[in-house]
Structures are given as C-alpha cells and as structure tokens.
Amino acid sequence: MSESTRYLLNESDLPRYWYNVLADSPVSLPPVLHPVTKEPVTPDFLSALFPMDLILQEVSTERYIEIPEEVREAYKLYRPTPLIRARRLEKALGTPAHIYYKYEGASPSGSHKSNTALAQAFYNKAAGTKALTTETGAGQWGSALSMACAFFDMELEVYMVKVSYNQKPYRRFLMETFGAKVFASPTNLTQAGRAILAQDPDSPGSLGIAISEAVEVAATSNGTKKYSLGSVLNHVLLHQTVIGEEALKQMDMAGEYPDVVIGCVGGGSNFGGIAYPFLRENLRNGQRTRLLAVEPTAAPSLTRGIYAFDFGDTAQMAPIVKMYTLGHSFIPPSIHAGGLRYHGMAPSICALYDAGLIEAVAVPQRATFEAAVLFARHEGIVPAPESAHAIRAAIDEALLARQQGEKRVILFNLSGHGNFDLTAYDAFNHGRLEDYQLPEEAIQSIRERLPQVPEQIGA
Ligand SMILES: *Cc1c(COP(=O)(O)O)cnc(C)c1O
C-alpha cells in the first residue's frame, strides 16, 4: 500500500476504449418505445434527434468501443483526472476506512459532463450537424456542452430549468461566454413550454419540461438542429466509463481495491461511469465490490419509484423507456442539487438495480450539506451539491467501519466542484435549507399517469 495522497496517471494512460456494460450484463434491456405508437422505436425516429454514430452506440452490445482520436485529444485538456486519498477527512472521522475520491471537477467546465459532451459534439460535427439543442438543470451539462460546441464549432441552444436559471446566474454567464444561447424553461418559444405556462405561469420548471422543449425544437427543425442529452441514455453512460477505467488503474497504483464504489445519481451517468468498469470486474473477474447509487430523498427514483415504462419527458415527446420513475409529470421540489431532480433513471442502472447488482440509498438535503461542508473543511474542495450526496454516503460507510472496527476501502466519484453553487451553501450556512420527503400520495399516483404499453411489451 502506497503512502501517496494523489494518484496521477500519464497522458499515455488515457483510456483508448469506452466500456459497454451491456456486453456483460446478465439482464438485457427492454425495448425503447415510440411516444405515440408505443411500439419499439425505429432508427428513423431517433435519427431526427441524434446522429447515426450515437444511435449505433445506444443499441450496441460490443464490449469495447474505441474513443476517436479527436475526442482523446480534447480529453487530454483535463484527463486523466486525479484520484485522491482523503487522508485529512479520514483522520477527522477517526475511521479505519480508507477513502478515495476520483475528482471529475478537474475538467474546465467543472464536472464529469465534459466526458460525453466532447464525444457527442464530435459525432454531431462529423455527421454535419450545424446546431444542437439541449436542456440543463443546475447548468453543469449546459456548460460542458457549450464548451464542447465551442471546440467543435457548432451553435447551441440551452433550455435551462427556471429555478436554476434564477438560483445560478453564473452558470448562464459561463454558457454564454462559451457562445451558447440560454433560455429559462418553461419558455413561450415552444408548444410544450406554452402549455405548461398556461397551466402555471409561475412554474419553476423541471428537467422533464426542459427536455420537452429542447426535443421539440430539434424535432421541428427540418433536420437543421439535433438534440443532445447529458445523462440517462446508454451512449452517455458509455462515454463516462473513462472515469472508472482510470480509477481501476489508480487504485492499483495505491495498492488497494475498493470494497464499495459510490456515486450520486440524477440520471445515472457519473455513477455508471465510475461503477460499470468495477461491475465488469465483479461479473468477469470474481471481484465483489458493492456498487452504491445515492439519490436525494426529494427525488428518490430508485428507492421509492416504480419500475415501469414511462416517458422520458413531461410533454410526452421523448421516447418511452422502462425505468424506475416518479412519473413524467413529477415536478420535484426546488432542492439545490438541480442535477438530481430528474423523474427517472438510466435504463441500464434500473435493470441492474432490479437484478440486485447495484444498491441504492436516499439521503436528505441537510445531512448532505453537512457532509459537503465537513469535506470542504478537510479536503479543500467545495463539492457540487449533487456530488455531496456521494460524500454523505461515503462518510456513512466510513463511520460504520469505525463502529464495526474494521478496515474498509471506499471509493467515491466527486462528480463536480461547487464553485458556482455557493448560493446553496449560503442558504445552508444560514439555516435556510430544508429537508424534503416525497409524500406517500405522490408515489401512489405515479401508476395512474403511466403510459399504456402493449401487453406483450409490458410483460
Ligand atoms: C449532472 C450532474 C450530476 C447528475 O447527473 P448524473 O447523470 O446522474 O451523473 C451529478 N453531479 C454533477 C456534478 C452533475 O453536474
């Protein structure tokens, strides 16, 4: 075991392949359905939204997919990212556990989202796309894609959830600096937005609504614009596996192997990114690492949602997928972890969770910020509120190890920094953050609003 604190790889260690968990998953994914016909989608339907290379990755079962040289070159601006042993935090906790974190906040836009943004921008550019549309919650995804579109010389329209637009103005300034156009969603620029505003002029917006707007703009652009999604889809999780592949090498440098790998989950991409390469080692090489997904009690898709076919967006324009869902019309409370406010979850994570290969836990907002502040005071990084969910769970694992008097190796993904989220920290520091539990009635009514899918598919 090594005495180092930071484990740094060389540029030449940058992964050459993304890892596709679907090659090794013992459960296969149910089909993706058309939002109107409720029949399995055709590539034609998807090609209105995505370039063919990404559609092929979406359905691929190849184990390894080569990372294009142009994308690897762009990754080199910030990858490989560091793996850090949280020695000062360990000491503060008085735990025999060893805590490691993979720091994805080291990317220029501040989160793991650049890993897929650069890939998606590259494939779109290669397919001749001139402009992209997308949604963003906290603004991390919008920032990453803005940077990627600047690199690959494409225009970008971002539909930003209104509550975040107001809470996090600096994220908008960053996106505009990279050259993107940013709108507070719901807008009156789309049918989907106008319908929501007619019902509720003060709607705080949601990721589901913002997705509807961005999808509508691309789908009605006569092919001039494509749509890009920052999480949930198979190809997005695929691109994120560079995180786990690097972490495997870095844990090896540290001379240890994790007992548990932890990530926060909004749509599931940073968790899938760090966890899937370790899941491969479980499935193929006899390792027995626990994989723990952490969500907020305010939007608890995995721990309290229903595993069913549901729309990916609020206006029912995006494809229907089988996932743990809180219902496509779910408007989550305005918790400060904007990136975790999605009603559903990546289908691959849901299937693996359903099969018992992944664990999940929900943590409340204030305990999450307590963990974030403790982490900041010992490790010096103010984490993104989303990432703080993973920190909460990592600290809980470390405290349990102390209680049980046993060593435990904990690895978590620090998916981003919180330098643009200081309003949330201000609210916490001054006692203005509240906990939120989703009421039981909200869960009960999910089933009534699910789409009816043909029996042979739903079965
Ligand atoms: C977007 C975001 C998340 C949540 O999205 P996932 O797809 O679940 O990873 C988590 N952390 C940060 C920093 C984010 O920007």
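These legends go with a few close-up views of a predicted model.

Because the model is predicted, local features need pLDDT of at least 70 and side-chain atom pairs count only at pLDDT 80 or more, while totals for chains, interfaces and linings use all residues, and side-chain values use heavy atoms, with hydrogens and water left out.

**View 1. Here's who surrounds the ligand.**
The shell around the ligand holds 19 residues, and K113, S231, G266, S269 and S415 come nearest (near means that a heavy atom of the residue lies within 4 Å). Sorted by type, the shell has 13 polar residues, four nonpolar and two charged. For that sorting, Ala, Val, Leu, Ile, Met, Phe, Trp, Tyr, Cys and Pro count as nonpolar, Asp, Glu, Lys and Arg as charged, and the others, Gly among them, as polar.

S269 has a polar side-chain atom 2.7 Å from a ligand oxygen, and a polar backbone atom of G268 is 2.8 Å from an oxygen of the ligand. Over at S415, an N or O atom of the side chain is 2.7 Å from a ligand nitrogen. (A polar contact is a pair of N or O atoms within 3.5 Å.) On its own the ligand has 380 Å² of accessible area, and the protein covers 97% of it (areas by the Shrake-Rupley method with a 1.4 Å probe).

**View 2. Which two domains does the ligand lie between?**
Domain 1 (6–14 + 80–110 + 241–458) and domain 2 (18–67 + 112–234) both give residues to the shell, so the ligand lies between them. The domain bounds come from an automatic or database assignment.

**View 3. Two prolines follow cis peptide bonds.**
R79 and P80 are joined by a cis bond with omega near -10 degrees, and P80 sits in the loop between α3 (69–75) and β4 (83–85). The bond from S185 to P186 is also cis, with omega about 5 degrees; look for P186 in the loop between β8 (181–185) and α9 (191–199). (Helices, H or I with at least four residues, and strands, E with at least two, are DSSP runs numbered from the N terminus.)

K38 isn't a glycine, yet its phi is positive, at about 65 degrees. You'll find K38 in the loop between β2 (17–19) and α1 (43–47).

Technical notes. Residues numbered from 1 in each chain as written. Polar contact = N/O pair within 3.5 Å; in protein donor to acceptor, adjacent residues only side chain to side chain.
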